[in-house]
Amino acid sequence: MPRKHSVYDVGSSRFDDAGATFERIKAPRASNAKASASTQPEEREIDDPYEILAPFIQDRWISDILHVVKSGKEATVYCCRAHPDTELGLIAAKVYRSRENRSFKNDAIYQEGRVVPDKRLRRAVEHKTRIGREVQFRLWIEHEFQTLRMLYGAGAQVAIPFASSSNAMLLYYYGDQDAPAPTLSRVTLRPEEARPLFERLIKDIEIWLRHGRVHADLSAFNILYHRGRLVTIDFPQSVDPRFNNNAYALLQRDISNICDYWADYGVKRDPERLSAELWSRAVDFF
Ligand SMILES: Nc1ncnc2c1ncn2[C@@H]1O[C@H](COP(=O)(O)OP(=O)(O)OP(=O)(O)O)[C@@H](O)[C@H]1O
Ligand SMILES: [Mg+2]
């Protein structure tokens, strides 16, 4: 039977995180699920990670949901026990809030240049009908998944994507049994690692650009520090500089955020100049 969701498979030999000892999230009792299904379908969707992640359990990606890593503006990230077949130990599941229940970024500046190939659906999106909003929500998630897939394939240090569905995706879990990897905002870097990490991040931003992406929400909150390396996450709003007129301004904002962060470690770079350099090198590459 064909899978209902797209799957990105990568070899398991690179993964070595061990199994979990977190307290389990309890699967909702069938009677509860039924009751809420008849009254509050939207809430049921959010409250029941077992239902949302069922396709991944069926496909033997994960065998259990262990605990919430973090509930953010757009999504809740869960730490899951990986199915033994994957040899991963743990897997992160990012479950998006339905569009009615999440706080919106000002979508329009990020959506520019994204194409809905089907004419009927494109019209629905333009008219913001219920179906149109649903399509846009699914495309938003698919955009993050495909972006991660492409950038990881290109050698960038971004979260490794495994599989996606209409409202969730599975990612490599950064962290260990005790805690997830901290975001850069919560880390104090050693003086000798600050500059090399900055340079590596700039190299990454250049890879993203050459592959048609500006992160557009880059800051120390969307970068994980894992075993001495940086891993960037959270790409749904990323834009393609070839088709989005806001891309350069968004790149400048990204670069400015990271220059501010690294200035505290004595790494001083002019964000405007750095943005211009990266941009002109990428444009040559297109
Ligand atoms: N693959 C992962 N491994 C470990 N932790 C992760 C992973 N992905 C995300 N997280 C954690 O979950 C948090 C939320 O993830 P993400 O930024 O993708 O979602 P979000 O809804 O945009 O959240 P926010 O509003 O905080 O930006 C991250 O800040 C990080 O702490
Ligand atoms: Mg985030």
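**View 1. Residue classes and surroundings of ligand 1.** The shell around ligand 1 comprises 13 nonpolar, four polar and five charged residues. The structure shown in this and the following views is a predicted model. In total, 22 residues surround the ligand, and the closest are Gly72, Lys73, Val77, Ala92 and Asp234. Two or more residues of the shell come from each of the elements β1 (62–71), β2 (75–82), β3 (90–96) and β5 (168–172).

View 2. Domain 1 spans residues 12–172 and domain 2 spans residues 184–285. Because both domains give residues to the shell around ligand 1, the ligand lies between them.

**View 3. Packing of helix α6 against helix α7.** Helix α6 covers residues 119–126 and helix α7 covers residues 130–153; the two pack at an angle of about 100 degrees, and their axes are 7 Å apart. This angle makes α6 roughly perpendicular to α7. On the α6 side, Leu121, Ala124 and Val125 form the contact, and they meet Ile131, Gly132, Val135 and Gln136 of α7. Five residues of this contact are nonpolar and two are polar, while no charged residue takes part.

**View 4. Packing of helix α9 against helix α10.** An angle of about 130 degrees separates the directions of helix α9 (residues 247–263) and helix α10 (residues 271–285), with the axes 9 Å apart. The angle makes α9 oblique to α10. The crossing of α9 with α10 is right-handed. Helix α9 contributes Tyr248, Leu251, Gln252, Ile255, Ser256 and Cys259 to the contact, and α10 contributes Pro271, Glu272, Leu274, Ser275 and Trp279. By class, the residues of the contact between α9 and α10 are seven nonpolar, three polar and one charged.

**View 5. Packing of helix α8 against helix α10.** Helix α8 (residues 191–210) and α10 cross at roughly 35 degrees, and their axes come within 9 Å of each other. Helix α8 passes α10 in a crossing that is right-handed. The residues in contact are Ile205, Glu206, Leu209 and Arg210 from α8, together with Leu278, Arg281, Ala282 and Phe285 from α10. Five of the residues in the contact of α8 with α10 are nonpolar and three are charged, with no polar residue present.

Definitions and conventions:
Residues are numbered from 1 along each chain as its sequence is written. Chains are lettered from A and ligands numbered from 1 in the order in which they are written. This is a predicted model: local features need pLDDT of at least 70, side-chain atom pairs count only at pLDDT 80 or more; totals for chains, interfaces and linings use all residues. A residue is near a molecule or strand if its C-beta atom, placed from the backbone, lies within 6 Å of it. Helices (H or I, at least four residues) and strands (E, at least two) are DSSP runs, numbered from the N terminus. Ala, Val, Leu, Ile, Met, Phe, Trp, Tyr, Cys and Pro count as nonpolar, Asp, Glu, Lys and Arg as charged, and the others, Gly among them, as polar. Domain bounds come from an automatic or database domain assignment. Axes are lines fitted to C-alpha atoms, for helices over the stretch in contact, and angles run from 0 to 180 degrees between N-to-C directions. Angles under 35 degrees count as roughly parallel, over 145 as roughly antiparallel, 65 to 115 as roughly perpendicular and the rest as oblique. Two residues are in contact if their C-beta atoms, placed from the backbone, lie within 7 Å. A crossing is left-handed if the near helix is turned anticlockwise from the far one by less than a right angle, and right-handed if clockwise.
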